[in-house]
Amino acid sequence: PTRSDLIRGVLTAAAAAGSFRAGAAVAVINQPRLPPLTGPFKEVGVRYSRTGSARVKTFYPAALPDSSPRLEEAPYCTDGRATSDGMAGLVGFRQLGLSFLLAHLANAHSGCWLGAPPVHPERPLPLLVYSHGFGGNMDMGSYLMRQLASHGVVVAAVEHTDGTASFTRLADGSDLAFAPTKLSRAAQIRRRAEELLAAAVPGALGEGLPISSDGAGTFLGGHSYGGPAALLASSLAAGSPVRVSGLLLHDPALGMNGGIGAAAGGGRGGGVPTLSYVSD
């Protein structure tokens, strides 16, 4: 090929790449779309805490009096591009130089108010302590958690430090990207279960939330890999201050139990009330 042919080829490839990137940018305008709340509580607050080694993002029904100062919207991705790039790496986009395909999530609307004052109902609300899936994080289920909060459930989404989060920031300030071989499967499940229980201990999430002070009405849940983690946590709860009222499992990956029987069967001989649902 001649020099002009090479230049033409380079320009054609550059134009194609530019068109692809521009098309991708247009395709994600106003995405993801913020779903309307369906519960009786029309405002949802978010607060962050750390229980033990893990970060926790807590969603709760909020009360916004007219006289309150303007509140800041909580981020959809807690750490911005660091979070979205972590998710991009999980599906191979970052390795191909395509992290920008998920970059819009870094600035997506969460529909939740950071540090908003919580409601104060006559009775304490139930608490759901939730474990993300393999490669997930505390942000991925934000719209689901927001909906649950609108129906009067306080949800504490735990971001695990076992290496299976797409990205997390550790207590010492260092970042931990997806590292699924950091621990053995059994050690991962145990770490996850312990972090769930740490967040479920009465008072662990801080003061002011409309939940029981003695741990009544506490539920454990999880998506995919979070399912066996919740099951094992319900078994370990017998020797802790946590009172497990039930389990909520979403597409539980029971085969990923690390050879731990309780991670497939749960506590009290399987006698904990459990709702398990599988999505299509």
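The side chains of Arg55 and Glu159 are joined by a salt bridge in which N and O lie 2.7 Å apart, a salt bridge being a side-chain nitrogen of Lys or Arg within 4 Å of a carboxyl oxygen of Asp or Glu. Arg55 belongs to strand β2 and Glu159 to strand β6, so the pair ties together parts that are 104 residues apart in sequence. Strands (E, at least two residues) and helices (H or I, at least four) are DSSP runs, numbered from the N terminus. The structure is a predicted model, in which local features need pLDDT of at least 70 and side-chain atom pairs count only at pLDDT 80 or more, whereas totals for chains, interfaces and linings use all residues. Residues are numbered from 1 along each chain as its sequence is written, and side-chain values use heavy atoms, with hydrogens and water left out.

Glu159 counts as buried because its relative accessibility is 1%, the term buried denoting under 20% relative accessible area, exposed over 50%, and partly exposed the range in between (1.4 Å probe, protein chains only). Arg55 is likewise buried, at 11% relative accessibility.

Arg55 also meets the side chain of Asp79 in a salt bridge, with an N to O distance of 2.7 Å. Asp79 is situated in the loop between β3 (73–75) and α2 (81–90) and Arg55 in strand β2 (residues 54–61), so this pair ties together parts that are 24 residues apart in sequence. Asp79 has a relative accessible area of 17% and is therefore buried.

A further salt bridge links Asp79 to Arg169, with the closest N and O atoms 3.2 Å apart. Arg169 lies in strand β7 and Asp79 in the loop between β3 and α2, so the pair ties together parts that are 90 residues apart in sequence. At 29% relative accessibility, Arg169 is partly exposed. Through shared partners, salt bridges join Arg55, Asp79, Glu159, Arg169 and Asp175 into one network. Across the whole structure, the search for salt bridges returns 8.

Thr161 is located in the loop between β6 (154–159) and β7 (167–169). This residue counts as buried because its relative accessibility is 4%. The Thr161 side chain makes a polar contact with the side chain of Arg191 at 2.9 Å and another with that of Ser53 at 3.5 Å. A polar contact is here a pair of N or O atoms within 3.5 Å; within protein, one must be able to donate a hydrogen and the other to accept it, and residues adjacent in sequence count only if both atoms are side-chain atoms. When neighbours within four places in sequence are set aside, the residues in contact with Thr161 (heavy atoms within 4.5 Å) are Ser53, Ala54, Leu170, Leu176, Lys182, Arg191 and Glu195.

In another part of the chain, strand β10 (residues 244–250) is mostly covered, with 6 of its 7 residues buried. Strand β9 (residues 218–223) pairs with β10 in the parallel sense over 6 bridges, pairing being assigned if DSSP finds at least two bridges between two strands. Within this pairing, Leu220 stands opposite Leu247 in β10. Leu247 has Thr274 as its bridge partner in β11.

Positive phi values in residues other than glycine occur at Ser224, near 55 degrees, and at Asp251, near 50 degrees. Ser224 is placed in the loop between β9 and α5 and, with a relative accessible area of 19%, is buried. Asp251 is found in the loop between β10 and α6 (262–265).

The search of the whole structure for disulfides, defined as pairs of cysteine sulfur atoms within 2.5 Å, gives 0. Cys77 is buried at 1% relative accessibility, and Cys112 is buried at 1% relative accessibility.
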